[in-house]
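Dear colleague,

I am passing on the structure below, together with notes on its sheet, its aromatic rings and its nonpolar cores. Please read the notes with the structure open beside them.

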Amino acid sequence: QVVGLYFSAEWCTPCKCFTPSLIDVYSRMNSQGKKMEVILISGDRTERDFQHYFHQMPWLALPFSQRDIKEAIEREIGHDSMPLLVLVDPRDGKILSKQGRKVILEDPYGDKFPWRD
């Protein structure tokens, strides 16, 4: 199992370029029985922008209103840019990789799933 914490925003051009690739990999992993979940941690500036962007995604999201939790997660992770995909083991909360974007782009078929560094 893998949970991806996806730091992204509607206004972020690199995010909007990466999101379709992540959707493809997410769908592929789950159709192959490889348990992968993604949670959007939005960097959007408004609820409206968040809803517009999140509408196209097949996964979960931290509610936009929970900005205090978003900020706590960012501090814990050491978040500094977007898009950022942090892969986490949901059983113990340990970070598998802070390079999830690179991992996904290099292994779109999940041959190395669950992508531990």
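How many bridges join S4 to S5, and do these strands run parallel or antiparallel? They run antiparallel, and 2 bridges join them, where two strands count as paired if DSSP finds at least two bridges between them. In S5, serine 97 is the bridge partner of leucine 87. Helices (H or I, at least four residues) and strands (E, at least two) are DSSP runs, numbered from the N terminus.

Before going further, please note that this is a predicted model, in which local features need pLDDT of at least 70 and side-chain atom pairs count only at pLDDT 80 or more, whereas totals for chains, interfaces and linings use all residues. Residues are numbered from 1 along each chain as its sequence is written, and side-chain values use heavy atoms, with hydrogens and water left out.

The sheet

The open sheet has 5 strands in the order S3-S2-S1-S4-S5, with mixed pairing. S3 and strand S5 (95-97) stand at the edges with a single partner strand each, so one side of each is left without a neighbour in the sheet.

Strand S1 (residues 2-8) is largely enclosed by the rest of the structure, because 7 of its 7 residues are buried, that is, under 20% relative accessible area, with exposed meaning over 50% and partly exposed in between (1.4 Å probe, protein chains only). In a regular strand the side chains alternate between the two faces of the sheet. Both faces of S1 are covered, with Val2, Gly4, Tyr6 and Ser8 buried on one side and Val3, Leu5 and Phe7 buried on the other.

S1 pairs with strand S2 (residues 36-42) in the parallel sense over 7 bridges, and glycine 4 stands opposite valine 38 in S2. Between these two strands the chain passes through helix H1 (residues 13-31), and this β-α-β crossover is right-handed, meaning that, with the strands pointing away from the viewer, the path from the first strand over the helix to the second runs clockwise. With strand S4 (residues 84-88), S1 pairs in the antiparallel sense over 5 bridges, and leucine 85 in S4 is the bridge partner of tyrosine 6.

Aromatic rings

Rings of Phe, Tyr and Trp (its six-membered ring) pair if their centres lie within 6.5 Å, and planes under 30 degrees apart count as stacked, over 60 as edge-to-face and the rest as tilted. By this rule the count comes to 6 aromatic pairs. Tyrosine 6 and tryptophan 59 form an edge-to-face pair, at 6.1 Å centre to centre and 90° between the planes; they lie 53 residues apart, tyrosine 6 in strand S1 and tryptophan 59 in the loop between helix H2 (47-54) and strand S3 (60-61). Both tyrosine 6 and tryptophan 59 are buried. The rings of phenylalanine 50 and phenylalanine 54 have their centres 5.6 Å apart and their planes at 5°, so this pair is stacked. Both phenylalanines lie in helix H2, 4 residues apart, about one turn of the helix.

Nonpolar cores

A nonpolar core is a set of buried Ala, Val, Leu, Ile, Met, Phe, Trp, Tyr and Cys residues joined through side-chain atoms within 4.5 Å. The largest has 27 residues, and those with the most contacts inside it are Tyr6, Leu22, Met36, Trp59, Ile104 and Trp115. H1 gives the largest share of this core, 7 residues. Apart from it lies another core, of 9 residues, among them Leu5, Phe7, Ile41 and Val88.

With best regards
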